[in-house]
Amino acid sequence: MLPLPAFAFVDLETTGTSAQGDRITEIGIVRVDDDGARVHVTEWSSLVDPEVPIPPAIQALTGITNAMVASAPSFSTVANDVRALLDGCVFVAHNARFDYGFLKHAFARLERSFSARVLCTVRLSRRLFPDADGHGLDALIVRHAIPVSERHRALGDARAIWSFVEGLYRDQAADRVDAAIRRILRVPSLPPQLPPDAIDALPESPGVYLFYGDNPLPLYVGKSIDLRERVAAHFSQDWRSETDLRLSREIRRIEHERTAGELGALLREAVLVKALMPAHNRALRRKEEAGIARWREGAPKFVPALGVDRDALADAYGPFASRASFRGALRALCAEHRLCARRLGVERSAGGPCFARQLHRCNGVCIGSESPQDHDARVAAALAPLAIPAWPLAGAGYVREASDDGERVDVHVFRDWCFAGTARNDAELAELVECPPRTAFDPDVTRLLLRRYRAGKLELRPVGVA
Ligand SMILES: [Zn+2]
């Protein structure tokens, strides 16, 4: 029910209101873990010896007296337990800045750092019930009929704010509550189970990144020309994609490998995805959807690329990212060259003039105003720029890719628009040329190579020639 896997509802009792000068006298924590199937609730509380006297007015309010805390553990004694309970959780409190600030200072006095994503239930109440009178805990308790065991004691109040949130999910539309919580948590939006510096630790350079959950195999492998920006994007889009939502829940750590450039990142991603089969990988699905096209006459045919032999690339068109993009390309050709969408197989109408003909935008093979041979001759010309060109070398070729800072050079070896491997030095290159691994057609690789080749930006050199 909760939008993130772990929340800790926290309340503190203190000797006063200054996180700097006052001390904690009691900590109550209700930790709620949601594994997607079931909610687990763990409660913990302890009196804390503040090591300073509690003012009488505060004793009267909370019922916590100097005598009660005299034999209680100090904060340093319970710090490890508190830390463990809050680990990986969103920190939830009423007027969260107060409780969060006290805990941060308490840890700081032990020379330990503490940070968490913070959800304030005052803000949550304001966001969901902007017209309500008051958002103090007493107002919420009355308005939402929240059962209270021990008001003004830490665990009693922590239970009350958990009951408040639990009740929201019972009484309101869950996606509305989720959206309000996410909005408040927006900054920073890193999944709480990741270390806070997980993004900052990534280089702003090309490479591949691997997301790991609890298993030794990665959940996801991706590539980017800017690792830091791309990884951050997975967690900062309000979890619009289903995959990113799942990744946010399951991710436990991030690894990365740098490459010299974009091409190297794409090639490395292709190799890793094939070898590791990550559970949530789009790259694999992307390849399953991709294809090439064949055409002799009439309508071009889409051929799914997975399993296509590299020899099949001769006399083929594309590659296309998907059947939909293949059809889109054909429609664009129709519009540009006054071709007939029905004869090209992208319009289903049964007889008579095709739709474009009715607007005088088809030369009219559909109604006999143009011969099929003439139409096909125009199709051949229109398709020509999409033809996969013959491999321009006698044997294997390589592309040298250097990083912007010049510190890294990758040498990628190809043959017939297919990838053979990447060498980081002469020995590796010699090895690749002597014993080339079997190359397989990968539509992503071929598409990227051809895009550069057609733009005159692929510096392909024959292997063995300096
Ligand atoms: Zn037509």
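How many nonpolar, polar and charged residues does the lining of the largest cavity have? By class, that lining has 8 nonpolar, no polar and no charged residues. (Ala, Val, Leu, Ile, Met, Phe, Trp, Tyr, Cys and Pro count as nonpolar, Asp, Glu, Lys and Arg as charged, and the others, Gly among them, as polar.)

## Before we start

This is a predicted model, where local features need pLDDT of at least 70 and side-chain atom pairs count only at pLDDT 80 or more, while totals for chains, interfaces and linings use all residues. Residues are numbered from 1 along each chain as its sequence is written, and side-chain values use heavy atoms, with hydrogens and water left out.

## The cavity

Searching the whole structure turns up 1 cavity of 30 Å³ or more. A cavity here is a set of points, on a 1 Å grid over the protein atoms alone, where a 1.4 Å probe fits but cannot get out; lining residues have an atom within 4 Å of a point. The largest cavity comes to about 30 Å³ in volume, that is, the space filled by probe spheres set on the points, with grid points joined across faces, edges and corners.

Its lining is made of A293, P300, Y317, F320, F326, L330, L383 and L386. Strand 11 and helix 13 (323-337) are the elements that give two or more residues to this lining. (Helices, H or I of at least four residues, and strands, E of at least two, are DSSP runs numbered from the N terminus.)

## The largest pocket

Now for the largest pocket, with a volume of about 780 Å³. A pocket is an open set of grid points with protein on both sides within 12 Å along at least five of seven lines. It is lined by 34 residues, and the closest to its centre are A270, V271, K274, F419 and D442. By class, the lining splits into 15 nonpolar, 7 polar and 12 charged residues.

Several elements each supply at least two lining residues: strand 8 (253-258), helix 11 (262-276), helix 12 (282-289), strand 13 (409-415), strand 14 (418-423) and helix 17 (443-454). Helix 11 gives the most, with 6 residues.

## Two helix pairs

Helix 11 also packs against helix 17, at an angle of about 165° with the axes 10 Å apart. (Axes are lines fitted to C-alpha atoms, for helices over the stretch in contact, and angles run from 0 to 180 degrees between N-to-C directions.) Helix 11 and helix 17 are therefore roughly antiparallel; angles over 145 degrees count as roughly antiparallel, under 35 as roughly parallel, 65 to 115 as roughly perpendicular and the rest as oblique. In this pair, E262, L263, L266 and L267 of helix 11 are in contact (heavy atoms within 4.5 Å) with D444, V445, L448, L449 and R452 of helix 17. That contact has 6 nonpolar, no polar and 3 charged residues.

The axes of helix 5 (residues 121-128) and helix 8 (residues 174-185) come within 10 Å and cross at roughly 130°, which makes helix 5 oblique to helix 8. Helix 5 brings R123, L124, R127 and L128 to the contact, and helix 8 brings R176, V177, A180, I181, R183 and I184. Here the classes are 6 nonpolar, no polar and 4 charged.

Most residues other than glycine have a negative phi, and most peptide bonds are trans. H152 is not a glycine, yet has a positive phi of about 75°. You'll find H152 in the loop between helix 6 (137-143) and helix 7 (154-171).

The peptide bond from G318 to P319 is cis, with omega near -5°.
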